[in-house]
Amino acid sequence: MIQRHSLWTLLSIYIDGVQEVFETSYCLYPSHEKLLNDGFSMLLRACRESELRAVLNFLQAVLARIRSFHQQSSQELQKKVDLAVQSSLLAKERHLAAVVSALWRHFFSFLKSQRIAEIVPVSQLADAAAGQH
């Protein structure tokens, strides 16, 4: 029990750090995808209800930031810009797609399984799942 609490404390610090990176970044880089790794798949399966709520809150915050990045990128792409800027914007879109793919890989199948298990409120799962589409 004490070891589990200690591990959750460390994981919680990691989750908070990853969320802060997303919230304070001006744009997405390849390193953002690396922050959302296989550890999340393992973490989600081991979460209790209160821990799972914290992870889902993290997921919703990251998804909100990704939507913001996408909106910003879309607006910039619509402007008439030179080739170098356009190339940079397309690279940002590729990074965004990689991050979304990592979220999909590590979170969505778990969210589907939780819908059946009903461990957390359906509304919170629906909010998180809707953010991934």
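These are my notebook entries on a predicted model of a single protein chain.

**Overall layout**

I began with the elements of the chain and counted six helices and zero strands, so that the order from the N terminus on reads α-α-α-α-α-α. Of the 133 residues, 35% count as buried. I then looked up the accessible surface, which comes to about 8,100 Å², with 59% of this area belonging to carbon and sulfur atoms. For the contacts between residues at least 6 apart in sequence, I noted that 75% join residues at least 24 apart.

**The nonpolar core**

Next I turned to the largest nonpolar core, which has 26 residues, and asked which of them touch the most other members. The entries I wrote down are Phe22, Leu36, Val55, Phe58, Leu103 and Phe107. Going through the helices, I found that H1, H3 (38–46), H4 (49–78) and H5 (83–117) each supply at least two residues of this core. The largest share comes from H4, with nine residues.

I looked at H3 residue by residue, and recorded Phe40, Ser41, Leu43 and Leu44 as buried. Seen down the helix axis, these buried residues fall within an arc of 165°, and so they line one face of H3. On the face turned away from that buried side I found the exposed residues Asp38, Met42 and Arg45. As a reminder to myself, an α-helix has 3.6 residues a turn, so residues three or four places apart point the same way.

Leaving aside neighbours within four places in sequence, I listed Val21, Phe22, Ser25, Cys27 and Val99 as the residues in contact with His32. Phe22 in this list is also one of the core residues that touch the most other members.

**The salt bridge**

I searched for salt bridges and found that the structure holds one. In this pair the side chains of Arg105 and Glu33 meet, at 4.0 Å from N to O. Arg105 lies in helix H5 and Glu33 in helix H2 (residues 30–35), so the pair ties together parts that are 72 residues apart in sequence.

**Glu23 and its surroundings**

Still in H1, I looked up Glu23, which is partly exposed, with a relative accessible area of 43%. Not counting residues up to four places away in sequence, Glu23 touches Ala61 and Arg65. I also took the distance from Glu23 to Ala64, and although the two are 41 residues apart in sequence, their C-alpha atoms are 9.2 Å apart in space.

**A nonpolar patch on the surface**

My last entry concerns the outside of the chain, where Leu7, Leu10 and Ile13 form a nonpolar patch with about 320 Å² of accessible area together. I followed up Leu10, whose place is in helix H1 (residues 2–24), and found that Leu10 counts as exposed, at 57% relative accessibility.

Methods: Residues are numbered from 1 along each chain as its sequence is written. This is a predicted model: local features need pLDDT of at least 70, side-chain atom pairs count only at pLDDT 80 or more; totals for chains, interfaces and linings use all residues. Side-chain values use heavy atoms; hydrogens and water are left out. Patches are made of residues with over 30% relative accessible area and no salt bridge: like charges are joined within 9 Å, nonpolar side chains (Val, Leu, Ile, Met, Phe, Trp, Tyr) within 5 Å. Accessible areas come from the Shrake-Rupley method with a 1.4 Å probe; for residues, only the protein chains shown count as cover. Helices (H or I, at least four residues) and strands (E, at least two) are DSSP runs, numbered from the N terminus. Buried means under 20% relative accessible area, exposed over 50%, partly exposed in between (1.4 Å probe, protein chains only). A nonpolar core is a set of buried Ala, Val, Leu, Ile, Met, Phe, Trp, Tyr and Cys residues joined through side-chain atoms within 4.5 Å. The arc is that of the directions from the helix axis to the C-beta atoms. Contact means heavy atoms within 4.5 Å.
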